[in-house]
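User: Hi! I'd like to walk through this model with you. Could you take me around it?

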Amino acid sequence: MSTQPDLLYSEEEEALRAAVRDLLTDHCAPADVIARAESDTPHDLAVWKSLAEGMGLAGLLVPEEQGGQGASAREVAVVLEELGRAVAPVPYLSSAVVATEALLACGDEELLGRLASGRTIGALAVGLHSAPDAAVKAVRLDNGTLTGELTGIADAAVADVLLVPADDGGLYAVAADAVTVTPQVSLDLTRPLATVRLEGAPGRRIGAAEPAVRRALRAAAGLLASEQLGVADWALTETVRYLKERKQFNRPVGGFQALKHRLAQLWLEVVNLRAAARGAADALARGEDAQIAVAVAQAYAAPVAVHAAEEALQLHGGIGMTWEHPVHLYLKRAKADSIAYGTAGAHREALAELVDLQAP
């Protein structure tokens, strides 16, 4: 029998949030994120180094005896909320969550320790659009080398090692300099995608692909909801702030009843998303069967994050349509996240099956 989930934040989690927010406020300003998105190097590796090496956040999911912090998905969720609030262009979800969870399933302590230190960035070579239970594309294993092409791989451009599923059922660690990484056009400029081409690349088998990929994608889907919560919370907070300052007819725009109703509805959605996201993080942290909690969180998170970002853009009026205002970064992140690790519709279908709810 499952225990009651704890949806509240502990004192330690609030302290962690404050530390991450302070760092991102100082080093990840919206203008800097926009400028970086326009450049050839969209990832902010200086911020990543501060988060991963300076604060030790890359190893939150890794046990202390394996070089990590021995924390849980609850702490990771708090970090992802703040990264979502800042749309920080760092490979945290890809390396510290997805690749790390795959390695935890495989039990590769050497590579796990390198990722936990933050000095090595890992990426699971599975398309960002892949749902937890979906079949994933595998490359061909031929005479001990790997050949094939994988598309939609998040943060592959900055990865030092790629975890590649092969057609023999194994998961292989492949050095990034042994593959060709070609950037793809991505809606979300802060989480670049790439095509990874392997042509006789050497790889080291680290375990079975299927259970490792399933575990990694389920954790990714569950914790992505916290990032989406961060996006939605920023959109609501900034919109309320702007509507209190913006005046028309000699009164704050936020005083008009029609806008109050829209903001109240949005507040309710964000509060409900927080409960769903915390529920998924808590279920993952307790190590129990988190399938239902993850499906609920993802079925709800994507529409709310997109709605919040759309409302932010519209209620900011003309300034919201400008490139210089960061709201477009949040809308693009929300839209891209809405198809990451399974769409809301796919998670609703999975949820119906999990609770044996038959279609009429």
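User: Let's start at Gln 4: buried or exposed?

Analyst: Gln 4 is exposed, because its relative accessible area is 71%. Exposed means over 50%, buried under 20%, and partly exposed in between, with a 1.4 Å probe and protein chains only as cover. Keep in mind that this is a predicted model, where local features need pLDDT of at least 70, side-chain atom pairs count only at pLDDT 80 or more, and totals for chains, interfaces and linings use all residues. Residues are numbered from 1 along each chain as its sequence is written, and side-chain values use heavy atoms, with hydrogens and water left out.

User: And where is Gln 4 in the fold?

Analyst: Gln 4 sits in the segment before helix H1 (11-27). Helices here are DSSP runs of H or I with at least four residues, strands are runs of E with at least two, and both are numbered from the N terminus.

User: What does UniProt place at residues 10-111?

Analyst: The UniProt record, an unreviewed entry, places "domain: Acyl-CoA dehydrogenase/oxidase N-terminal" there. UniProt positions follow the numbering used here, feature names are shortened, and annotations may be inferred rather than shown by experiment. In the model, residues 10-111 are 65% helix and 0% strand, with 31 Å between the end C-alpha atoms.

User: What feature does UniProt give for 214-353?

Analyst: For residues 214-353 the unreviewed UniProt entry gives "domain: Acyl-CoA dehydrogenase/oxidase C-terminal". That span is 77% helix and 3% strand, and its end C-alpha atoms lie 17 Å apart.

User: Back to helix H5. How many residues does it have, and how far does it reach?

Analyst: Helix H5 covers residues 92-106, so 15 residues, and reaches 20 Å from its first C-alpha to its last, close to the 21 Å expected at 1.5 Å a residue. The expected span is 1.5 Å times one less than the number of residues.

User: Where is the kink in H5 centred?

Analyst: On Thr 100, where H5 has a kink of about 35°. The bend at a residue is the angle between axes fitted to the seven residues ending there and the seven starting there. After H5 comes Gly 107, with a positive phi near 80°.

User: How many residues of H5 are buried?

Analyst: 14 of the 15 residues in H5 are buried, which leaves the helix mostly covered. Glu 101 is in H5, and Glu 101 counts as buried because its relative accessible area is 11%. The C-alpha atoms of Glu 101 and Leu 217 are separated by 8.5 Å, though the two are 116 residues apart along the chain.

User: New topic: how many salt bridges does the structure hold?

Analyst: The structure holds 29 salt bridges. Each is a side-chain nitrogen of Lys or Arg within 4 Å of a carboxyl oxygen of Asp or Glu. One of them joins Arg 74 and Asp 282 at 2.9 Å, N to O. That pair links distant parts of the chain, with Arg 74 in helix H4 (residues 73-85) and Asp 282 in helix H8 (residues 257-286), 208 residues apart. Both Arg 74 and Asp 282 are buried.

User: What about H8, which span should it have?

Analyst: At 1.5 Å a residue, the 30 residues of H8 should span 44 Å, and its end C-alpha atoms are 43 Å apart, so the two agree. Gly 287 follows H8 and has a positive phi, near 75°.

User: Last one: which residues make the nonpolar surface patch?

Analyst: Ile 292, Val 296, Leu 354, Val 355 and Leu 357 make a patch of about 410 Å². Patch residues have over 30% relative accessible area and no salt bridge; like charges are joined within 9 Å, and nonpolar side chains (Val, Leu, Ile, Met, Phe, Trp, Tyr) within 5 Å. Accessible areas come from the Shrake-Rupley method with a 1.4 Å probe, and for residues only the protein chains shown count as cover. Val 355 is in the segment after helix H11 (344-354), and Val 355 is partly exposed because its relative accessible area is 44%.
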